[in-house]
Amino acid sequence: MMPDTARLMAEKIRSIVPLKDLAKKEINLTGGEASQNPHIVEIYKIFRTLSGNVRLHTNLDISSEKSKRWERLVEITRLRGRIDITLYPTVWESRQQPLLRKIIQLQNGLIVNLIYESLADLLRQINILIDFFSDQDEKKFIPILELLDLFRDRLKTTIETNPQCREDDFLNGMGDLENYVSCPGGFIFAVNAIPSFYVSPEGIRDMTSLPFPKDIYKVECTAVRGVIEIMTVLQTGEMTPCCDVGNLKCKPKFGNLLADSPETILQKFGESQKLMASGASKNIENMKTDKAGEWVEEGIPPFCV
Ligand code: SF4
């Protein structure tokens, strides 16, 4: 994406009230690896005019502090943007860990996504985070360690007592555990555990996740319920009202931020919302009648309800 495209998007967002209100809450620069874009700092500044809360998601697979990508991330934190990461155990030691140390000194918060293939894999990743925050030896991070310790203990109990558990058993095992905590001084930490999925060579995602192969992983579409809580905008301007960065293959779009007028976009909101609602009710029916996984003519993924 070039700054001119970002400027056009920002102007359009400003002229569409529901999008303007949504952007004000949070803008997340994600999908692909935004830090690779040489213009990302400029693009950040443009979106910053819409929201005080602009985040950038990175894999932090960066070789050194001399890298341009790292310099861009530092500049964004200096401008009060926030960097969030997905933990990748394969590059953790060599690449992510040293730079994450710096990031938690540069900003007053962090979200870490953990994508796990099994409960044992999730436990390994939680332990990586526990070791990391223990090593910082900073009093202010004690609440993070308390949260992660509790996470680890509950997860361990589930693994030991019910290793092949269903997703409900896992969730019951985690109980009322929150996924975020605030530390003295205002540092806010959140951890998101996200199951991973098999995706076919055609790019179609399985109905069930890898850690819970017996349970259909349903995605509750808020647009179906008339609420837009999140909007993904691709670089092409196409919009989808969920966190689909093109991998869920949802066909009904909410208009094109670059090509359509505000009136056309609002009209497409309404039309696509109806399509999604109709598709979602067919999906529910299919799940009840042993036809889970069939694609409905509305073009929404079969796990969306
Ligand atoms: S139907 Fe599914 S993929 Fe489409 S917007 Fe809703 S949640 Fe996203």
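**Strands, helix, core and ligand**

Modeller: Let's start with a strand pair. In β2, Val54 is the bridge partner of Ile27. Strands here are DSSP runs of E with at least two residues, helices are runs of H or I with at least four, and both are numbered from the N terminus. This is a predicted model, so local features need pLDDT of at least 70 and side-chain atom pairs count only at pLDDT 80 or more, while totals for chains, interfaces and linings use all residues. Residues are numbered from 1 along each chain as its sequence is written, and side-chain values use heavy atoms, leaving out hydrogens and water.

Biologist: How many bridges join β1 to β2?

Modeller: Three, and the two strands run parallel. β1 covers residues 27-29. Two strands pair if DSSP finds at least two bridges between them.

Biologist: Why is β2 called largely enclosed?

Modeller: Five of the five residues of β2 (residues 54-58) are buried, so the rest of the structure largely encloses this strand. Buried means under 20% relative accessible area, exposed means over 50%, and partly exposed is in between (1.4 Å probe, protein chains only). Both faces are covered. Val54, Leu56 and Thr58 are on one side, with Arg55 and His57 on the other.

Biologist: Where is Asp61?

Modeller: In the loop between β2 and α4 (68-78). Asp61 is partly exposed, with a relative accessible area of 28%.

Biologist: What is Asp61 in contact with?

Modeller: Leaving aside neighbours within four places in sequence, Arg69, Val91 and Arg95. Contact means heavy atoms within 4.5 Å.

Biologist: New topic. Which residues of α1 are buried?

Modeller: Pro3, Ala6, Met9, Ala10, Lys12 and Ile13. They pack against α2 (17-25), α3 (40-48), β9 (232-233) and α9 (262-288).

Biologist: And the largest nonpolar core, which residues touch the most other members?

Modeller: Phe47, Leu60, Leu110, Phe133, Ile144, Phe170 and Phe189, out of 81 residues. The largest share, nine residues, comes from helix α6 (residues 119-136). A nonpolar core is a set of buried Ala, Val, Leu, Ile, Met, Phe, Trp, Tyr and Cys residues joined through side-chain atoms within 4.5 Å.

Biologist: Last one. What classes of residue make up the shell around the ligand?

Modeller: 10 nonpolar, one polar and no charged residues. Ala, Val, Leu, Ile, Met, Phe, Trp, Tyr, Cys and Pro count as nonpolar, Asp, Glu, Lys and Arg as charged, and the others, Gly among them, as polar. The residues around the ligand include Cys221, Cys242 and Met276, each with a heavy atom within 4 Å of it.
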